[in-house]
Amino acid sequence: MSSSPTLPISSPLANHSSTVSSQSQSPIATPALRSFISRLTTSLRHGFSQRRPWTELLDRNSMSKPESLTEAYSRIRKNFNYFRVNYVTLIAIALALSLITHPFSLLVLIGLLASWFFLYFFRPSDQPLVLFGRTFSDRETLGILVVLTVVVTFLTTVGSLLITALMVGLAIACAHGAFRIPEDLFLDDQEPANAGFLSFLGGAASSAAASAAVSHV
């Protein structure tokens, strides 16, 4: 006597759990975010590989007062082409020190950036934003983030802190560029000013925009 065939039985709860887990992929694990971080890391490594020795930047024997504003401007341009990575590093250090000494502003800025990354740029397109039981469209999410950015930038100390730190860093870089004699620098062999380290800004921005467009199609 042959036994009746056994029919496969699947649990609805298990199917529902697997479906939810496959659709609720964490934003930090999305391919767009991984691609963005990978490209940003590669650009930063390439940029820092072009950094000049700090001893060459701080060579006292190559310092002198410019005789005119024209000479100072010429020195700033040449030194920026040569020390651009060092100057950007100094500006970044000024920004970091300003934020570290103001923990509240640092936390607010981190929260704002995290909101942009995880609520808009790298949020999967199949996961609408739901807050307090209400579903927000991409346009509404973008509007909320823009308003939040304006409020944080102009109605808190974050905006003034960033602008002040940026101006201090630029002032230090310009002062060094005006007093540093560039005659001993091999400027003819250097890349254009818009290449190298600073190019990661455009690359990172285009990568984020492309990732956001793909994830919201």
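A: In this predicted model, the axes of H5 and H7 cross at roughly 100° and come within 10 Å. H5 and H7 are therefore roughly perpendicular to each other. On the H5 side the contact is made by Ser 105, Val 108 and Leu 109, and on the H7 side by Thr 157, Val 158, Leu 161 and Leu 162. By class, this contact of H5 with H7 holds five nonpolar residues, two polar ones and no charged residues.

H5 (residues 103-121) also packs with helix H6 (residues 138-154), at an angle of about 170° and with the axes 11 Å apart. H5 and H6 are therefore roughly antiparallel to each other. The crossing of H5 with H6 is left-handed. From H5, the residues Val 108, Leu 112, Ser 115, Trp 116, Leu 119 and Tyr 120 take part, and they meet Asp 138, Thr 141, Leu 142, Leu 145, Val 146, Leu 148, Thr 149 and Val 152 of H6. The contact of H5 with H6 has ten nonpolar, three polar and one charged residues.

H4 contributes Ala 72, Arg 75, Ile 76, Asn 79, Phe 83, Tyr 87, Ile 91, Ala 94, Leu 95, Ser 98 and Leu 99, while H7 contributes Leu 161, Leu 162, Ala 165, Leu 166, Gly 169, Leu 170, Ala 173, Cys 174, His 176, Gly 177, Ala 178 and Phe 179. These residues divide into 17 nonpolar, five polar and one charged.

An unreviewed UniProt entry lists residues 82-100, 106-122, 142-173 and 193-214 under "transmembrane region". Residues 82-100 are 100% helix and 0% strand, with end C-alpha atoms 29 Å apart. The span 142-173 is 94% helix and 0% strand, and its end C-alpha atoms lie 36 Å apart.

The chain averages a pLDDT of 75, and 66% of the residues score at least 70. Within the chain, confidence is highest in H7, at a mean of 92, and lowest in helix H1 (residues 12-23), at 45. The pLDDT is below 50 over residues 12-29, a stretch with 14 contacts in the model beyond near neighbours in sequence. Residues 193-197 are also below 50, and this stretch has 15 such contacts. Where pLDDT is low, the predicted coordinates should not be read in detail.

Methods. Residues numbered from 1 in each chain as written. Predicted model: local features only at pLDDT ≥ 70, side-chain atom pairs only at ≥ 80, totals over all residues. Heavy atoms only, no water. Contact = heavy atoms within 4.5 Å. Helix = DSSP H or I, 4+ residues; strand = E, 2+ residues; numbered from the N terminus. Nonpolar A, V, L, I, M, F, W, Y, C, P; charged D, E, K, R; others polar. UniProt positions renumbered as here; feature names shortened; annotations may be inferred. Axes fitted to C-alpha atoms, helices over the stretch in contact; angles between N-to-C directions. Parallel < 35°, antiparallel > 145°, perpendicular 65-115°, else oblique. Left-handed = near helix turned anticlockwise from the far one by under 90°. pLDDT = per-residue confidence, 0-100.
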